[in-house]
Amino acid sequence: MKLTGNWTGSRKEIRRHIQFSLLLTGILLSIFFCLPVDAKETQDDRNTVLFLLDTSSSMKENDPERLAIDSIAQFVYTLPTNYRTGFVAYNSDIAAECAPLESGQRSRIMELAEQAAYTGYSNAGAGLSLATEYLKSEGGGGKHIVLLSDGEILMEDDAGTNESRRMYAEAVEKAEKAGIRIHVVGLGGGMEDMDNSIFEAAERTGGGTYYTPQAFGIQSAIDTILNEELQIRQSTLAIVDADGETENISADLPYAHADKVRILLTSTAPIQNLSTNFQAESANQVNGGRYSLIELKDPYGTKLSIRFTGTAGSQVRINVVPEYRVIPKAEVFYTDVVPEDEDATAYHRTAEVVYTFYDLDNQDIQLWTEQTFEHRKFKVTVNGEQEEASLRAGQLTLTRTVEKTGGLKARMDYSGLPVNVTGVSHVETELAGPASLPEEEEPPYVLMFAGAGLLLALLAIVLFLIWHRIGNKNVPEPREERPEPGRYSYAGKLNIYITRTPDGCDIPPLSYNLFRLTEGRVISLGEVLERCGVAERFAGAETIYFKPGADRCVILTNNSDGTVMKNREILMKKKSYLLVPEEKVDITFEDETSELMLQYKELMPSERQGT
Amino acid sequence: MEIINQTNRTLLLDVINPQQLDLLTLVGDVKGIDSLDDDKMKEINQYLECRSYEEVERKFTPVVWSFFDAASQSVKYTLEKPENIPESMLTPIHVNESENFQQAILSVMRSRKAQGLMNVEFSFEKVLEMISPKKVMEDIRQVRKEIQYNYKKYSELEEGDPQKLDMGDKLNLLFEDASKNYNNVMAMLPLAIEDIKTRLLLGGGEQQNGGQAVVPGYLSLGDGGELKVLEAPKTDTTALATLDDNVNTGLMEVIREDYQAVNDNPNTYVQNLVVRTFCPLASTQQSEIDVETEVANYNSYLDFYRTSKDNFIKVVKPLLERLLGIRMFFEQYQTKSRGMKPTLVVANISPEMLAKSANLPRLITYLNTTNSKNNFNDTIWYAIYPNVAWSQNVTNKIQRERFKGNVKKVSTDVYSMEALATLLDVLKDYRIETFFSFENREETTFNAVAAEGIEKMIDKCAPLTGKPFSEFAIPVLPNFTVIPKNKSGVMLDSKMKVSDNGAQLSEAKEDVMRLWIEGVYIGGAYVAAGFRAACQCPEFLKDHFLKARALVYGELPGVRFDIEAANNSLLAYTTMPKEITGFTNSIKSQINQKNFGWVFASENASLNGENITNITVYKARNLLYDPDSSTYEAVYKTQVTTYIERILRYVTSDFKEDNIKNFFSNNPQSQKSRWLAKKDCLNAIITEGDSLEYSIDEVSGVCELTISFNGSPRNLEVQINRLSSR
């Protein structure tokens, strides 16, 4: 082919040139011209839950230990921040009421619940009516009522009973219309018949029905409502059978950058002397009779240790409720390829949309890069169509072929994640249409050479970086260069005097006790220096090895290119030499600047005890 | 003494003269070597080992460099030779006994010791006047007299007379001495000052006559019978005087010629001054005096002399204190017959420099050579680390200086606790016991300890306790005071003024020229090390315990000598004179409670009716703390352990198992039996109540020695060499 002179090649030939060069530049484009796209943020609606408690005198029999109150605590405190919570208690009339509150005010509900006395008749009609009224005035989002009762509606006389029933039925109807779901937990013998009118409310509003003959079963019913009906994500950290002694629990909290982590301890008996150790921006602790809540705001450590004293014979459950505030952001990477089709006028463009999730409050922090989140399935609704994708290194990737400019609306469904998520779930991205193919007469060589040149430059940079990395770091030599472990034990220590460093700083004398190492262990000088806390790197130190020898000696093997001297003699490379106690060795490292002297010293039995 | 012939070789970790060779330079590169060869050791000993103070002075020639700074019109002094100033501009001032500041200090020490006076009773001012121009002149007068006498004899003798040559030798020496003065202007200053004063006031103001010119004459009766002093006629000279004049003229010629020869840059004024000083004369040498110029000269000379002397003292004082310390180290050893005389190896390098990790291998290699061989001639047993920084906690913060207060001492010549810890860590491997004392200042003197107790010192030593090297660290307190700060003023002279009656010495207060030395002290570590080194010698012990009729075995060193036991401290004491009236009982009980450190005492004590006017040793402990008895360990235990280990290694040919068993056996020829046979001696290795046991752990091959000192055990482990046995 002629590269100069008059261009007379056919259209097909030209296209082939273009294809090759554009393929190169197309790939380059995808690397260099990824465009961050603004995500349109929409705040999700808040959910509201109201706990409706029957405090009639019959509860005294069915819940003599007032476990219901602890269950309310567990329920209320487990709910994420985007839930508003209310509380109504009824007996002959309304006994206590509290309109839905923000998450920070939940302790007021607990104050009311703890004060509620089990007394009087059971006017569920009045209770449910009030609850429905409260929820009706709430904004969009899910609305739930959790009703705990131990029997049918019963008032002093029939008229009262009927009136209450009427009100109950009316409230159920209103709830149904307002989209309020009522979950009913029945307690004790009076509720054994699941067909009664109380349970009916659940059936009509699509809520769940739960029955437990004994009060300690309330907790599991509440758990089910939280997990299945409200889809709250929590994990059980530990279940401890307390023996009256102090319990120590330490665990990993793999929720870096979470907005909040709630740790809830619930027990069948009082929990005492609770102390926790963690790192977080702020924390709050709420203690009840048989529960304790620790709320960590912006935890930044990943270790948690808890100490408490449980009552002998009781069981303590520790649950963790992590909560994230998230904003997803999209980036688009385009790959343009010259299409095979001869008649095509534009490139064939593929867009790779990468969604990355950031902390809503500090949008520099990328979330969910931890192992816990890797490969988690994730449902995304893109332009109305649902797709499933999985998280990789904290990112979701969708691929689209783009023919013309248009928007891409994605809605994230976070329910597949093991954590509670609030914040933004919608992202809107603009996808740019492909560019037209260039005119034919454009000489292809410029692009071709430019592309090839750029690629070569890139390759050179990458190679340089790799070489630089290797050159700068004490990268361990292949394993096989390491001597075989010895048969003996160490009996001494190394006194190290660094006489010269590349930057001329003075490092105080070091001493490394070899005696504490396991039998036969091979250790390199690099490891010794690192363990002594020396930050400077000594080229080749990683390949100067020590291992224990017979008669309290150590064996030194130099596999580095540095110079090792002993008794005026340069030790040969890859040969082993015996160091007897008190003997010293001088080492000049590969950089020909750093030097150190080390002296092998014996440790007497009494000195070993202190190590 | 067999096997180990010395147990008191001491390493001084300090610098005397940075221009001389030092330990690091002499040891040189140690890459790949375990120890130094014998030639190298010989060289090191040749340069650094000293057996007397005079040897230190000779080997290190301590010197202060002076040069004139034209910018500030003053004399500058420095201990380090300034490198950017040409050699010809520098004048070295040798700090030896003929240097008059050192002379003054030594005179203070000697006369205080001779008089047995405490600091408070001694009149320092009188002795310190020695550094005033008057005293310099007095010294010169003495030299002058000798020169004149000898020159007269010399000129009388005939040429070729062998006696004349002898006289020539003598004169050469005297001229050499004299020329030291006239080859530098600084030394000429006191001469010039005194010369002007003599000429203006006739003899230093002893006979005040208002500064009128004096004309010699004779007493006679006048015509009317009135009493008259008649001016003597100029021609009226006797034959003897003529002869004297002849001698003097000759001498003047010689001095003039010598001055010209010695000085590169001769000057007529100085030449005349030198001639006038060394040949003061005579009736025939009259000259007119310009009073105003002479008075102005006198005042400016005096001012210049005061400033430069002041600068000089500031620079020379730290060096002088070091030298005094070394002098006292050697002085502690005073015996009738010479035995194990302490030797001092002067590292001549700053310990801070030595403690740098780049330099430690050199020190280690040196110590490997001295202390890890079965040749004990060069073994180092002690080290001296003086001048540990005494950092002050500022409690009273002052916003504004209303009155002129103390300038905070710029601690340039002090050494850090960190460097001490680093060095101790090395020295402990060679079982070298290190005496250290805090920097010389008022807070570390007897006065301060008597007033404040030793709590501060204990706190400051806290970083060194509980460490593997604590056993080898001996804190010495207090430091010795040669001249207390509050009595360190020296009156040089008064300025002169011109009045109608001629020149007069001014009586105004501001015209009295005074300078302040601000206290001269000696680090306790030198004296403690010197004293301990002296106690190692059996002859020393014999001399001091003669009266107590104690048995001293001449073939054993004093390693087990416990200065704290019985009346030992009242029989063997330092050569330092008592400084204060003593510590209060509460301070003594504070010291006794913890048994902290090496503490000197300046107590009133008498033994068998004889008063002890010297400073005694009150405590001799290191920093190894025994929590069981809540006291610090006595120093002798460490040295006995070291001594036994070294003897054991030697006798058992490096810990051969069979030999170890022999060593401890009941055979009368065994080493242990031989030591036990001498148990009644003062310097026994194992005394009554002590025991020496051993056990061999067959599995680990370790022999454990248990040395019990009066019931308190000390363990020592040695690795057995089994090659011979099985």
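Me: Leaving aside its neighbours within four places in sequence, which residues is V482(B) in contact with?

Reply: In this predicted model, V482(B) is in contact with I105(B), V108(B), M109(B), L324(B), V520(B), Y521(B) and I522(B), neighbours within four places in sequence being left aside. Each counts as a contact because the C-beta atoms of the two residues lie within 7 Å.

Me: What makes V482(B) stand out in the largest nonpolar core?

Reply: V482(B) is among the residues with the most contacts inside that core, together with V346(B), Y385(B), L423(B) and F435(B). The core has 216 residues, and helix α11 (residues 291-331) of chain B gives the most to it, with 15 residues. A second, separate core has 107 residues, including L52(A), I109(A), L230(A) and I271(A).

Me: Why is Y382(B) called buried?

Reply: The criterion is 20 or more other C-beta atoms within 10 Å. Y382(B) has 28, so the residue is buried. Y382(B) lies in strand β9 (residues 382-388) of chain B.

Me: What is in contact with Y382(B), leaving aside its neighbours within four places in sequence?

Reply: The contacts of Y382(B) are N8(B), T10(B), I432(B), E433(B), F435(B), A529(B), R532(B) and A533(B). As for L344(B), this residue is 38 residues apart from Y382(B) in sequence, and the two are 9.4 Å apart in space, C-alpha to C-alpha.

Me: How do you know that the buried residues of α7(A) line one face of the helix?

Reply: The buried residues of helix α7 (residues 197-205) of chain A are I198(A), F199(A), A201(A), A202(A) and T205(A). Viewed down the axis of α7(A), they fall within an arc of 140°, and therefore they line one face.

Me: What covers the buried residues of α7(A), and what follows the helix?

Reply: The cover includes α5 (124-136), β5 (143-149), α6 (158-178), β6 (180-187) and β7 (209-212) of chain A. The residue that follows α7(A) is G206(A), with a positive phi near 80°.

Me: Why are β11(A) and β14(A) said to pair?

Reply: Pairing requires at least two bridges between the strands. β11(A) and strand β14 (residues 303-310) of chain A have five, so they pair, and they do so in the antiparallel sense. Within this pair, S275(A) stands opposite R307(A) in β14(A).

Me: What makes β9(A) and β11(A) edge strands?

Reply: The open sheet has three strands in the order β9-β14-β11 (chain A), with antiparallel pairing. β9 (246-252) and β11 (271-277) of chain A each pair on one side only, and they are the edge strands. Neighbouring strands of this sheet are turned by 15° against each other on average, direction ignored.

Me: How many residues of chain A are in contact with chain B, and how many of chain B take part?

Reply: On chain A there are 22 residues in contact with 18 residues of chain B. The elements of chain A that give two or more residues to this side are β23 (492-500), β28 (563-566), β31 (584-588), β32 (595-602) and α11 (605-609). The largest share, four residues, comes from β23(A). By type, the residues of this side divide into nine nonpolar, four polar and nine charged.

Me: What share of chain A counts as buried?

Reply: Of its 611 residues, 39% count as buried. Chain A contains 11 helices and 32 strands. Among its contacts with a separation of 6 or more, 71% are between residues 24 or more positions apart.

How values were computed: Residues are numbered from 1 along each chain as its sequence is written. Chains are lettered from A and ligands numbered from 1 in the order in which they are written. This is a predicted model: local features need pLDDT of at least 70, side-chain atom pairs count only at pLDDT 80 or more; totals for chains, interfaces and linings use all residues. A residue is buried if 20 or more other C-beta atoms lie within 10 Å of its own, exposed if 12 or fewer, and partly exposed in between; C-beta atoms are placed from the backbone. Ala, Val, Leu, Ile, Met, Phe, Trp, Tyr, Cys and Pro count as nonpolar, Asp, Glu, Lys and Arg as charged, and the others, Gly among them, as polar. The arc is that of the directions from the helix axis to the C-beta atoms. A nonpolar core is a set of buried Ala, Val, Leu, Ile, Met, Phe, Trp, Tyr and Cys residues joined through C-beta atoms within 7 Å. Axes are lines fitted to C-alpha atoms, for helices over the stretch in contact, and angles run from 0 to 180 degrees between N-to-C directions.
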